[in-house]
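Subject: Structure for your files

Hello,

Here is the structure I said I would pass on. My notes on it follow below the entry.

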Amino acid sequence: MSDPVNFAERVRLNQQKLASDLKSHYDFIVCGAGTSGSVVAARLAADLNTQVLLLEAGGTDETDVITTDLDFAIFVLESIQNNDN
Ligand SMILES: Cc1cc2nc3c(=O)[nH]c(=O)nc-3n(C[C@H](O)[C@H](O)[C@H](O)COP(=O)(O)OP(=O)(O)OC[C@H]3O[C@@H](n4cnc5c(N)ncnc54)[C@H](O)[C@@H]3O)c2cc1C
């Protein structure tokens, strides 16, 4: 299992760095880092000459369900159970 405290800190620092490093121009701006937005942004960014900004309006990543493997597993199992009912 990964170290949740260390992972949360790395996520926080990475987001801080990304937010402080915004450029004045992008070739593509993708709104929403969900299932489709993250795939579209990754495909566009595969071209290293292309500047891509991926915007996400959702809340912070620093929740137990994201930073803790066990909590994420429980979240997935509960989602599957709720879908079955
Ligand atoms: C509990 C649950 C379980 C599911 N289980 C399954 C499953 O087992 N299999 C399956 O195939 N599908 C499942 N789904 C459905 C699947 O998650 C969705 O169909 C899929 O995520 C839709 O992708 P999307 O990219 O359209 O939207 P999302 O993945 O919802 O992404 C949209 C993103 O855009 C962001 N956003 C919204 N407005 C803005 C804005 N103005 N600016 C910037 N960002 C913004 C949102 O915060 C979000 O992150 C499940 C859904 C739920 C809720």
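**The strand pair and its crossover**

F28 stands opposite V52, a residue of β2. Strand β1 (residues 28-31) pairs with β2 in the parallel sense, over four bridges; two strands pair if DSSP finds at least two bridges between them. Between the two strands the chain passes through α2, and this β-α-β crossover is right-handed. Right-handed here means that, with the strands pointing away from the viewer, the path from the first strand over the helix to the second runs clockwise. Helices (H or I, at least four residues) and strands (E, at least two) are DSSP runs, numbered from the N terminus.

Before you read on, please note that this is a predicted model: local features need pLDDT of at least 70, side-chain atom pairs count only at pLDDT 80 or more, and totals for chains, interfaces and linings use all residues. Residues are numbered from 1 along each chain as its sequence is written.

**Around the ligand**

The residues surrounding the ligand are C31, G32, A33, G34, T35, S36, G37, L55, E56, A57, G58 and S79. By class, the shell has four nonpolar, seven polar and one charged residues. Ala, Val, Leu, Ile, Met, Phe, Trp, Tyr, Cys and Pro count as nonpolar, Asp, Glu, Lys and Arg as charged, and the others, Gly among them, as polar.

**Single residues**

For exposure, a residue is buried if 20 or more other C-beta atoms (placed from the backbone) lie within 10 Å of its own, exposed if 12 or fewer, and partly exposed in between.

A45 belongs to helix α2. A45 counts as partly exposed because it has 16 C-beta neighbours inside 10 Å. Leaving out residues up to four places away in sequence, A45 touches T50 and V52; contact means C-beta atoms, placed from the backbone, within 7 Å. A45 and F28 are 17 residues apart in sequence, and their C-alpha atoms are 9.2 Å apart.

G59 sits in the loop between β2 (52-55) and α3 (64-67). With 8 other C-beta atoms within 10 Å, G59 is exposed. G59 and L48 are eleven residues apart along the chain, and 28 Å separates their C-alpha atoms.

**Helix α4**

How many of the 16 residues of α4 are buried? The count is zero, so far as burial goes the helix is hardly covered. At 1.5 Å a residue, the 16 residues of α4 (residues 69-84) should span 22 Å, and the end C-alpha atoms are 23 Å apart, which agrees. The expected span is 1.5 Å times one less than the number of residues.

D71 is found in α4. D71 is partly exposed, with 14 C-beta neighbours inside 10 Å. Beyond its neighbours within four places in sequence, D71 is in contact with D64 and V65.

Regards

Note on methods: A residue is near a molecule or strand if its C-beta atom, placed from the backbone, lies within 6 Å of it. Two residues are in contact if their C-beta atoms, placed from the backbone, lie within 7 Å.
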